[in-house]
There are 2 protein chains.
Amino acid sequence: MKIAILLFPRLTALDAIGPYEVLQRLPGCEVVFVGAKRGEVRTENGRLGLSVDATLDEVPRPGVVVVPGGIGTRALLRDEAIGDWLRTAHETTEWTTSVCTGSLLLAAAGILDGVAATTHWAAMDVLGNLGAVPTDERVVERGKIITAAGVSSGIDMALTLAARLTDPVTAQAMQLYIEYDPQPPFDAGSVHKAGEAVLARVAELRDTTDG
Amino acid sequence: MKIAILLFPRLTALDAIGPYEVLQRLPGCEVVFVGAKRGEVRTENGRLGLSVDATLDEVPRPGVVVVPGGIGTRALLRDEAIGDWLRTAHETTEWTTSVCTGSLLLAAAGILDGVAATTHWAAMDVLGNLGAVPTDERVVERGKIITAAGVSSGIDMALTLAARLTDPVTAQAMQLYIEYDPQPPFDAGSVHKAGEAVLARVAELRDTTDG
């Protein structure tokens, strides 16, 4: 089973690396990082380079597609090469998935028309404008499409996906391996839990944090 | 405040990228990925390339050091360049931190002698043999040293660190931004919670998952 994780300029790294870390050790699966061209792409702020190892043309029919998000998605909503690749791959994937604003690329490709899906909390309206049905759940599974909320939710999504690709015991073995027993020091990880002061601080920092 | 995240061959990507994602947006902080030489390093299985942007010599006195883990740490326990860099940097850091088996490198450099610290659950004995006092907590803070347990625990560690570097509201803003409201589909993220079947499965898969 080939798992293609899409990389592009100005992506959010954890959107891609969370699922990668869960999926890369799954027996029978092979992860490959794909993109418009081979070589390095840089995250939003340019602080991290990640390597594209295969072009879209080289992996036309992966069994699983994972689309991460990031501010770089906005420049790709009308990108024909990525739209065509997503549509063609989706015809034969077992699973088509996204993390964060990666769902905007699936929606722009027409894959989420009328489909319940999620994205980063700050991009829900954009997702709706692109034809999907925004759904306020952390991981939304509809048929073979699984979309996840912001950034870190890709880890939860990938554990669900791992269970589908193998079995629940193997998925839990991956959870244990990455010691995913979350103990955040705060409880501010959703807009429903973060208080006014935290929401105000995010807004202040927004030009550097827009995903 | 310069935050240096160490990269090396056969690292575990999420150990580095979890903290990166939390810390990269902190006001007043600048993340740089450092390593023995500039250019690409590959994760354990070679499936992902990450870019080293600065050599150790170029960043001798970062304010914060983050050392990720991975099977590649074992080949570096007697690496003089990394040991010297860690010891010298630690003299003037505000915070010296590790994720997963990154603490083995801190211990091998003599930084954890007699200090309570943690690592990946499967490497606790190795940590003790290197002079640290293995401590079964997800994030262990002792003075200016913060060590975290396996792989995904770097996110929790980085949120604690973010609060120390800025303030709790800003740290919570980072948590909200990455939507870190964990909802794993299973509860098998620690050896105390995973059942016998899961532990047996990890052991079976061990040659590909050793971190």
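Mentor: Before we start, two strands pair if DSSP finds at least two bridges between them. Strands (E, at least two residues) and helices (H or I, at least four) are DSSP runs, numbered from the N terminus.

Trainee: What kind of model is this?

Mentor: This is a predicted model, where local features need pLDDT of at least 70 and side-chain atom pairs count only at pLDDT 80 or more, while totals for chains, interfaces and linings use all residues. Residues are numbered from 1 along each chain as its sequence is written, chains are lettered from A and ligands numbered from 1 in the order in which they are written, and side-chain values use heavy atoms, with hydrogens and water left out.

Trainee: Which residue in β6(A) is the bridge partner of Ala4(A)?

Mentor: Val65(A). Strand β1 of chain A, residues 2-6, runs parallel to β6(A), with three bridges joining them.

Trainee: And how many bridges pair β6(A) with β7(A)?

Mentor: Four, again in the parallel sense. Val64(A) stands opposite Trp95(A) there.

Trainee: Are the β6(A) side residues buried or exposed?

Mentor: Buried, on both faces. Val64(A) and Val66(A) are on one side, Val65(A) and Val67(A) on the other. Buried means under 20% relative accessible area, exposed over 50%, partly exposed in between (1.4 Å probe, protein chains only).

Trainee: Switching topic. How many residues of chain B are in contact with chain A?

Mentor: 73, touching 73 of chain A. Contact means heavy atoms within 4.5 Å.

Trainee: What area do the two chains bury between them?

Mentor: About 6,400 Å², 59% of it on carbon and sulfur atoms. That is the accessible area (1.4 Å probe) the two parts lose on being put together, summed over both. Leu176(B), Tyr177(B) and Glu179(B) supply 13% of the area that chain B buries against chain A, more than any other three residues.

Trainee: How many salt bridges between chain B and chain A?

Mentor: Eight. The criterion is a side-chain nitrogen of Lys or Arg within 4 Å of a carboxyl oxygen of Asp or Glu. One of them joins Arg47(A) and Glu30(B), at 3.6 Å, N to O.

Trainee: How far apart are the closest N and O atoms of Arg201(A) and Glu204(A)?

Mentor: 2.5 Å, in a salt bridge. Both residues lie in helix α7 of chain A, three residues apart, about one turn. Arg201(A) is buried at 19% relative accessible area; Glu204(A) is exposed at 55%.

Trainee: What about Arg201(B) and Glu204(B)?

Mentor: They form a salt bridge too, at 2.5 Å between the closest N and O atoms. Glu204(B) counts as exposed, at 53%. Elsewhere, salt bridges that share partners join Glu21(A), Arg25(A) and Glu44(B) into one network.
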